[in-house]
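Dear colleague,

I am handing over the structure we spoke about, and it is placed directly below. Please have it open while you read the notes that come after it.

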Amino acid sequence: MHRYLPNTTEDIRQMLEVIGIDSTEKLFGTIPDRVKLGRELDIPQSKSEIEVRREIGKMAGKNLSADDLVCFRGAGSYDRYIPSAVKHIVGRSEFYTAYTPYQPEISQGTLQSVFEYQSMICSLTGMDVSNVSMYDGATSAAEAAILASVHTRRPKVLVSMTVNPMVREVLSSYLKFRNVDLEFVAEKDGETDSDDLKMKLDGNIAGLIVQYPNFYGIIEDIRGSEEAVHGNKSLLIVSTDPVSLGILTSPGELKADIVVGEAQGLGQNMNFGGPVLGFMTATEKVMRKLPGRIVGETTDVDGKRAFVLTLQAREQHIRREKATSNICSDQTLNSITAAVYMAAMGKEGIREVADQSFKKAHYAYRRLIETGKFRLLHDKPFFSEFALVSDRSIEDLNRKLLDNGILGGLDISGPDASHGNVMLIAVTENRTKAEIDRLVEILEVE
């Protein structure tokens with residue numbers, strides 16, 4: 001297929017002749033003049049393909065990406081290494097142009113690749129079942145909250161204030177129109193306040209959403225929260241960075257009921273924020289209420305291994321008002337990308353990615369603290385992200401870094417600046433010792 005397919009004057013004449021009219025204006029003859037615009041559209045004149053590509057190229061050139069800058073920014077989207085095999089495999093036409101596999105007899109390849117994704121993401125999170133995917137980490141958290149309310153028949157969900165604030169905003173928007181109440185649990189020293197949690201748990205609480213590692217990068221000990229939540233017969237929903245699970249205890253081992261998160265780090269480009277990949281895994285007891293698609297393994301008429309869509313609730317299509325979710329689409333290509341990445345890296349590879357991220361982040365933290373210009377916001381164990389307090393404006397520091405080809409950490413000082421000037425710095429396996437040393441060198445100069 002060509003990128004640019006204009007109709008010639010002769011093409012238009014022949015099409016009009018076939019339908020028996022002599023102008024394109026007559027195609028719209030039934031539209032009353034009073035509702036027509038009555039003038040030309042205020043858009044530039046048409047251009048050739050060469051001119052359009054040149055124009056768009058100039059516009060794109062104004063952007064600076066992680067390929068142009070040394071990236072120390074995270075907060076949900078991370079500059080990670082993607083093996084070259086990933087792009088080449090998912091760029092094959094059978095994956096790249098595949099549609100929803102409603103007909104299993106002609107969709108075995110797509111179904112198997114999705115089945116492999118589900119199997120690997122379940123292994124990583126320690127859960128029983130996974131759907132194909134969700135749109136992103138934030139909406140997967142929202143869908144999990146709705147699922148918890150439907151499953152427990154309770155109207156309220158608790159959310160820790162240590163959950164990414166952008167996720168909290170999406171939760172507020174989603175649940176407002178699903179008759180699910182949202183209440184926030186306070187943070188204390190960078191972690192979920194256990195006393196506030198216990199005070200707010202009652203018979204109306206469907207579940208608790210916590211982040212592990214949390215927004216500040218801290219590895220919260222959620223065992224206490226788990227005991228309190230399950231003691232209240234509520235569900236524990238854990239939002240996590242799947243890469244961190246290469247070295248951290250899985251949420252399944254911590255007795256989570258639903259695990260969600262942003263899987264952009266599993267072979268997906270940052271893409272200036274999207275498209276990305278939300279994942280959702282769960283225990284067997286809630287699997288029949290999972291939104292989206294689940295692929296199962298079976299045998300065909302000849303007894304050979306085969307794959308089908310399974311546990312597909314028809315309510316998602318024809319009885320929408322009774323559905324747990326009306327998600328009838330997914331991010332299948334992104335899921336397959338994650339599957340190819342996980343298969344290419346293997347268990348040891350993902351463990352190595354997590355280990356390098358952990359060690360490099362702690363090296364960067366130590367070097368920055370040694371400058372005497374920063375202090376840790378919360379002195380707690382962290383994975384690959386940490387929040388530092390500075391006497392200087394984070395905006396000024398980031399401008400200085402940008403002038404030197406570095407994308408600095410996220411400014412999380414907040415509108416009230418209650419914590420002072422705070423920068424959230426992310427360090428991935430992509431960063432080198434020289435890049436970290438250069439970051440420190442620039443930041444330690446007044």
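This is a predicted model: local features need pLDDT of at least 70, side-chain atom pairs count only at pLDDT 80 or more; totals for chains, interfaces and linings use all residues.

The protein chain contains 13 helices and 17 strands, and its C-alpha trace spans about 80 × 60 × 50 Å along the principal axes. Of its 446 residues, 47% count as buried.

**The open sheet**

Seven strands make up an open sheet with mixed pairing, and their order is β2-β10-β9-β8-β7-β3-β4. The edges are formed by β2 (129-130) and β4 (181-185), each of which pairs on one side only.

Strand β10 (residues 278-282) is mostly covered, since five of its five residues are buried. In a regular strand, side chains alternate between the two faces of the sheet. In β10, Gly278, Met280 and Ala282 point one way while Phe279 and Thr281 point the other way, and all of them are buried.

**Helix α6**

Does the length of this helix agree or disagree with what its residue count leads one to expect? Helix α6 covers residues 137-152, and at 1.5 Å a residue its 16 residues should span 22 Å, whereas its end C-alpha atoms are 23 Å apart, which agrees. With 14 of its 16 residues buried, the cut-off for buried being under 20% relative accessible area, α6 is largely enclosed by the rest of the structure.

Both ends of the helix deserve a look. At the start of α6, a side-chain oxygen of Asp136 comes to within 3.2 Å of the backbone nitrogen of Ala138, while the residue that follows the helix, Arg153, has a positive phi, near 60 degrees.

**A nonpolar patch on the surface**

Val18, Ile19, Leu27, Phe28, Ile31 and Val35 together form a nonpolar patch on the surface, with about 600 Å² of accessible area between them. Among these residues, Val18 belongs to helix α1 (residues 9-19) and is exposed, its relative accessible area being 73%.

**Salt bridges**

Side chains of opposite charge can pair when their charged atoms come close. The structure holds 23 salt bridges, and a few of them are described here.

Arg80 and Asp241 form one of these, with their closest N and O atoms 3.8 Å apart. Because Arg80 lies in the loop between β1 (70-71) and α3 (84-90) and Asp241 in the loop between β8 (235-240) and β9, the pair ties together parts that are 161 residues apart in sequence. Both Arg80 and Asp241 are buried.

Two other pairs each lie within a single helix. In helix α8 (residues 194-200), Asp196 and Lys200 are four residues apart, about one turn of the helix, and their side chains meet in a salt bridge at 2.9 Å, N to O. Asp196 counts as buried at 11% relative accessibility, and Lys200 likewise counts as buried at 18%.

In helix α12 (residues 394-403), Arg399 and Asp396 are three residues apart, about one turn of the helix, and they form a salt bridge whose closest N and O atoms are 3.0 Å apart. Here Arg399 is partly exposed, with a relative accessible area of 42%, and Asp396 counts as partly exposed as well, at 43% relative accessibility.

Finally, there is a network of salt bridges that links Arg367, Glu370, Lys433 and Asp437.

With best wishes

Key. Residues are numbered from 1 along each chain as its sequence is written. Side-chain values use heavy atoms; hydrogens and water are left out. The expected span of a helix is 1.5 Å times one less than its number of residues. Buried means under 20% relative accessible area, exposed over 50%, partly exposed in between (1.4 Å probe, protein chains only). A polar contact is a pair of N or O atoms within 3.5 Å; within protein, one must be able to donate a hydrogen and the other to accept it, and residues adjacent in sequence count only if both atoms are side-chain atoms. Patches are made of residues with over 30% relative accessible area and no salt bridge: like charges are joined within 9 Å, nonpolar side chains (Val, Leu, Ile, Met, Phe, Trp, Tyr) within 5 Å. Accessible areas come from the Shrake-Rupley method with a 1.4 Å probe; for residues, only the protein chains shown count as cover. A salt bridge is a side-chain nitrogen of Lys or Arg within 4 Å of a carboxyl oxygen of Asp or Glu. Two strands pair if DSSP finds at least two bridges between them.
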